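Work through the two exercises below with the model open, and compare each step of the solutions with your own reading.

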Amino acid sequence: MSTALTVNGRPQAIDADKDMPLLWALRDELGQTGTKFGCGMGLCGACTVHIDGQAVRSCITPLSEAQGKRVTTIEGLEADRTGRAVQQAWVALDVAQCGYCQAGQIMSAAALLRGNRRPTDAQIDEAMAGNICRCATYTRIRAAIHAAAKALAAGEVR
Amino acid sequence: MNTLQDTNPTALDGVALNRREWLSLLSAGGLVLGLSATGELHAAEAAKFGGDAMPGGLVDNPLVFVSVDPDGTVRIVCHRSEMGQGVRTSVPMVVADEMEAEWSRVRVIQAQGDHARYGNQNTDGSRSLRHAFDPLRRVGAAMRALLVQAAAQQWSLPADSLVARRHEVLHPASGRRLGYGELAAAAARLPLPARDSLVFKRPQDYRYIGTGRVRLIDSPDIVRGKAVYGIDVRLPGLLHAVIARPPVLGGQLKTLQAGAARGMPGVLKVVELKSSALPPLFNPLGGVAVVASNTWLALRARDALQIEWAHGEHASYDSQAYRQTLEAAVRQPGKVLRSQGDANAALASASKTVVADYYLPHLAHATMEPPVATARLVDGRCEVWAPVQDPQTTRDTVAAALGLKPEQVTVNVTLLGGGFGRKSKPDFVVEAALLSREMDGRPVQVTWTRQDDLQHDYLHTVSAQRLEAALDAQGRPTAWRHRVAAPTIISTFAAGAKLPAPFEIGMGAVNVPFPIPNLSVEAAEVSAHARIGWFRSVSNIPHAFAVQSFVAELAHAAGRDHRDYLLELIGPARRLNPAAELKDSWNYGESPERYPMDTGRMRQVVELASRQAGWGRTLPQGEGLGLAVAYSFMTYVAAAIRVRVSPSGAVQVLQVDMAVDCGPQINPERIRSQFEGGVIMGLGLALSGEISFKDGRVLQSNFHDYLVPRINEAPKSIRVHLVPAADYNQPLGGVGEPPVPPIAPALCNAIFAATGRRIRQLPVGDQLKAG
């Protein structure tokens, strides 16, 4: 009954029902609470993680689907240069208000920038439309994604 | 005239609270009605306003708020709850600036619930800086004075020969210096300076206040997933619980089959939580709780419960039918709240009248972090961790529920993943405390799902309003009659309450500054069938929607430019006494002398927003510019919104210009962010937000049917134009809520300008798409 996977570069063996959504496995079994619960139906994006580099909604991804795979959560994002660029832009522009949705926003943004180095406004809106922010920090999210893209292109991200 | 000590029941609203209780209820200055969990009301103290009138008052003892470590780290207590308005940054920032501490060496400590120690902590009503700015300046100035005095003693020099600057005290004449860390212990032993001896910094010397350059204190943790919200609290042995709650207000458990649930893996207990009799107060709704070893197992087991409910008296609540009730109510005379001249006669005899009916549905807060709380019981004490806006009321309510004294309850305030008023009500914390007791004191975290949150909210009220005006030959209103029908927030606290409270009508219904000779504002008696609560800007939402839409309708009927008409209606620049002239006895709990309604400031924001938006220029086909102004929480806001409406009726918001006069701007960067976000929240409630009922139950269950704005619906451009204040001694206005009220009317005025179609019911939804 144990699922083996790598989380933020570390091997983990999670003893839980294979149907358990990855979200709850991360939060309750591993105690990694950076990934958030917002809706449980894949509608709000707060639970976004990367599995083998792809953004997925962990609240509707059963643990079995993560078996043997590399999971990256917000807690491990800084290991990646694109991730760091996004985090730095978020801090520089004071994107967050309450901040609860921002882990999911950042994970979605990082996945966007890995696949598209200079997204347009329309591409940002399309990629990020699955991430709800009730504080509505959207105008700054857009600006921060542009800023991160620019910084990456200019080689300014360590 | 009854005195404050009169205990004869008053017929007001047909509710049997005595007059003293009503006055304290209504003079509490904010949206927590001074009502403790046991139903005792805090004593009214006449002629106290603002922060002085709030439970707990204001505290400015520097040693309560500041401590300095030997290494110079300055720890500043934040006694207000952080829900995105930046209070955990702005509150310590004021102290740091006044005491000349380096922001990089400041650490913020979140206060536990203890208003006797910290002063009022109820983070609601856009009051944090409005009430606490001066006390916080005194804290910083007093701390600075203590540090200087400590150095003076150490050096045997007069204090006035020393200067506190950038985390150290200097003797310029000799170059001697001591860091705050070296002085801290001695400073803490000194007697506190007298208040009237405190010297504030000059604004030109501010490093942080007013600059908008202070980075958010929690940003680094947020972007790394380290920030701890209520839902993230983890304790050894933590159990997780979810609750199946009665779907209808006032419902009770009838039958329960829990055998399957009890047998499921990880389930420790299935237990009934009793439902209290109405009124709701902050009581848990009751129901059936599942306690398990993790959240998902608890959720799965809850799904396996077989429950029958006795729904009770509200089982037929139906939004469509209730709308008929509300709309019928405003076609009749109501209780007169404010009257000038004779509006009825003027309307009856007028040759030209305009009438409009406006309807707004219930709204849910839908904070991204749903309600959640953690509690444990140890040695007869209860400790809770929760994202609460009102820590003291949480403490009192939990204590009462457990039969403890408040001193036996510790409330640890976490970050809030959104508040908007939902987390002022600690029902969800009581749930955790009761379940911990069921589990012999073991720590239990109760998590609400999104469906729980939407279906068991303290909802923003539903409303119907009728506005009628008589126009003279020049198109100016000679009569104005505004009738409101909306279940009152008081219904949550007093059974049978059917009329709005002064604080509800003081949010834009009675306090219109228009010098119309015949004016009547009336309220109908209507009952509540849901838990009614307060949602970011509260009754300002329906009142501003109706009033500001109606003014645009009058302008159109008069064939006049709306902006000019609005300015003419506001009248010349003057200061109105809210109580004496506008029948607003509440005035947000503030002194009418200190906070008059200033029509000059109202005119100024109208002019600023409209000018910035390019009012008057010809727009392309399908585009329109709409304008609205709202005064709320002592702040003047005008919104100018430009929309494009496609031939198929799709609304696109192109640009929003907000003009804001909130008095002194302590953290302009967070003011801007509150307005950027509040604009979008206002657009969302106007365009798509709706909670509706059928057979007593909320119909919506998640974000697929309760629609909130997403990034692709956000305007390309939101510009916030801040009106500078004269100086920092001017009274402050609030910032958290004022962005919201003018948005819906400005949007609908823009839609009218673009299409000629007038929206009078929210949400806009598909109304423009039909035919």
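**Exercise 1: a helix of chain B and its ends**

H20(B) is followed by B:Gly614, whose phi is positive, near 80°. The model is a predicted one, in which local features need pLDDT of at least 70 and side-chain atom pairs pLDDT 80 or more, whereas totals for chains, interfaces and linings use all residues. Residues are numbered from 1 along each chain as its sequence is written, chains are lettered from A in the order in which they are written, and side-chain values use heavy atoms, without hydrogens and water.

Task: describe what caps the N-terminal end of H20(B) and which of its residues are buried.

Step 1. The N-terminal cap is B:Asp598, a side-chain oxygen of which lies 2.9 Å from the backbone nitrogen of B:Gly600.

Step 2. The buried residues (under 20% relative accessible area, 1.4 Å probe, protein chains only) of H20(B) include B:Met602, B:Val605, B:Val606 and B:Leu608.

**Exercise 2: the interface**

Task: characterise how chain A and chain B meet, from contacts to salt bridges.

Step 1. Counting contacts (heavy atoms within 4.5 Å), 50 residues of chain A touch 58 residues of chain B.

Step 2. The two chains bury about 4,600 Å² between them, 58% of it on carbon and sulfur atoms, where buried area is the accessible area (1.4 Å probe) lost on being put together, summed over both parts.

Step 3. Eight salt bridges (a side-chain nitrogen of Lys or Arg within 4 Å of a carboxyl oxygen of Asp or Glu) link chain A and chain B; in one between B:Asp232 and A:Arg27, the closest N and O atoms are 2.9 Å apart.

Key:
Buried < 20%, exposed > 50% of the residue type's maximum accessible area, 1.4 Å probe, protein only. Helix = DSSP H or I, 4+ residues; strand = E, 2+ residues; numbered from the N terminus. Polar contact = N/O pair within 3.5 Å; in protein donor to acceptor, adjacent residues only side chain to side chain.
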